[in-house]
Amino acid sequence: MNLRRLTLSQKRAFLGVAFIAPWLLGFVFLFATPLVQSIRFSFSELKVAPGGYSLDFIGLKNFTDALSVDPNYNRILTESLTEMAWNVPMILFFSLFTAVMLNSKFRGRSIARAIFFLPVILASGAVAAAQSSGLIQLTGSSEVAQELGLAQNGFDPLMLAFMLADAGMPTVFIEYIIDAVQRIYEIISSSGVQILIFLAALQSVPVTMYEVAKMEGATPYETFWKITFPMVSPLILTNIIYTIIDSFTESQLTRTIYTTAFQAQNFGLSAAMSWIYTVVISLILVVVGILVSRKVFYYN
């Protein structure tokens, strides 16, 4: 293929295909077969037999059992969706605020960035596997955070609630802010990737825009809402999608699906549960993508 004869749109399309080629190859050779197998399991009753297993087609029975027979699945699914809707804005606000702070120039900026990403590294699968196998010993960031929280006595939730109430803030927002402050470690540990994405977006904003805004007398508040926020809005959509998906990786719903398969040995019901969860999350992502994309500003 002669790249010199291609038009600009064709070159961009070629680069896009080349960019997703590693994922596409991994999906075809590693993920497609288990995906199809999971669909078969969800419509069948799996019986383990010597040397393998057998599948008996039972239609939608696994799906109806998950929704109407299992006593916990509907409740756990609802609680997981509610928790996701509660946590996603919290994580996004904190990530954007932190990225803006880390993007400013100050001494020790690189160390500060590493500290905010450290919980993501400690929570990774490689570190968890090394710790469980005894190769490394960690005191546990959550235990350290809990000890620090018990040792400190400077934060009073009631005082903060009274202060926000005196400012005229609605009760729902007061509860939301207090909950965010009390769960600060959990928010930080879930925001590392989002902070990096926002940092990349902030560093791609042309400096000339800020220089012109400063010459025109714009305040930092106006600069943020007129320049910074619109320029990073495409990555806000990316972070929303990532955070929604990431919120279910270690949720109670995921653990329920796992225990149903490998402890209760009901692989068909577990596959049906996972596909119900997948369809629900896909619908949420489609709706959120459509709504947020209408407000996204793309700079060419």
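User: How do you know that D65 forms a salt bridge with K61?

Analyst: Their closest N and O atoms are 2.8 Å apart. The term asks for a side-chain nitrogen of Lys or Arg within 4 Å of a carboxyl oxygen of Asp or Glu, so the pair passes. Before we go on: this is a predicted model, where local features need pLDDT of at least 70 and side-chain atom pairs count only at pLDDT 80 or more, while totals for chains, interfaces and linings use all residues. Residues are numbered from 1 along each chain as its sequence is written, and side-chain values use heavy atoms, leaving out hydrogens and water.

User: Where do D65 and K61 lie?

Analyst: Both sit in helix α2, four residues apart, which is about one turn of the helix. Helices here are DSSP runs of H or I with at least four residues, strands are runs of E with at least two, and both are numbered from the N terminus.

User: How many salt bridges does a search of the whole structure find?

Analyst: Three. E79 and R75 are four residues apart in helix α3, so about one helical turn separates them. E79 is partly exposed at 42%, and R75 is partly exposed at 42% too. Then there's K47 with D56, whose closest N and O atoms are 3.5 Å apart. K47 is partly exposed with 40%, and D56 is partly exposed with 34%.

User: What makes strand β1 and strand β2 a pair?

Analyst: Two strands pair if DSSP finds at least two bridges between them. Six bridges join β1 (residues 44-49) to β2 (residues 52-57), and the strands run antiparallel. For instance, A49 has G52 in β2 as its bridge partner. The hairpin has two residues between the strands, and G51 takes a positive phi near 85 degrees there. Across the chain there are 14 helices and two strands.

User: Why is S95 called buried?

Analyst: Its relative accessibility is 0%, so S95 falls under the limit for buried. S95 is found in helix α3. Leaving out residues up to four places away in sequence, S95 touches S191, Q194, I195 and F198, where contact means heavy atoms within 4.5 Å. Buried residues make up 28% of the 300 residues in the chain.

User: What makes something a nonpolar core, and which residues have the most contacts inside the largest one?

Analyst: A nonpolar core is a set of buried Ala, Val, Leu, Ile, Met, Phe, Trp, Tyr and Cys residues joined through side-chain atoms within 4.5 Å. The largest one has 36 residues, and Y73, I244 and L253 have the most contacts inside it. Elements that give two or more residues to this core include α2 (61-69), α3 (73-103) and α12 (220-246). The largest share, eleven residues, comes from α3. Leaving aside neighbours within four places in sequence, I244 is in contact with M84, V88, I281, I284, L285 and V288.

User: Which residues form a nonpolar patch on the surface, and what makes it a patch?

Analyst: They are W23, L24, L25, V28, F29, L30 and F31, with about 820 Å² of accessible area together. That area comes from the Shrake-Rupley method with a 1.4 Å probe, and for residues only the protein chains shown count as cover. Patch members need over 30% relative accessible area and no salt bridge; nonpolar side chains (Val, Leu, Ile, Met, Phe, Trp, Tyr) are joined within 5 Å, like charges within 9 Å. Take L30: its relative accessible area is 67%, so L30 is exposed. The place of L30 is in helix α1 (residues 8-42).

Definitions and conventions
Buried means under 20% relative accessible area, exposed over 50%, partly exposed in between (1.4 Å probe, protein chains only).
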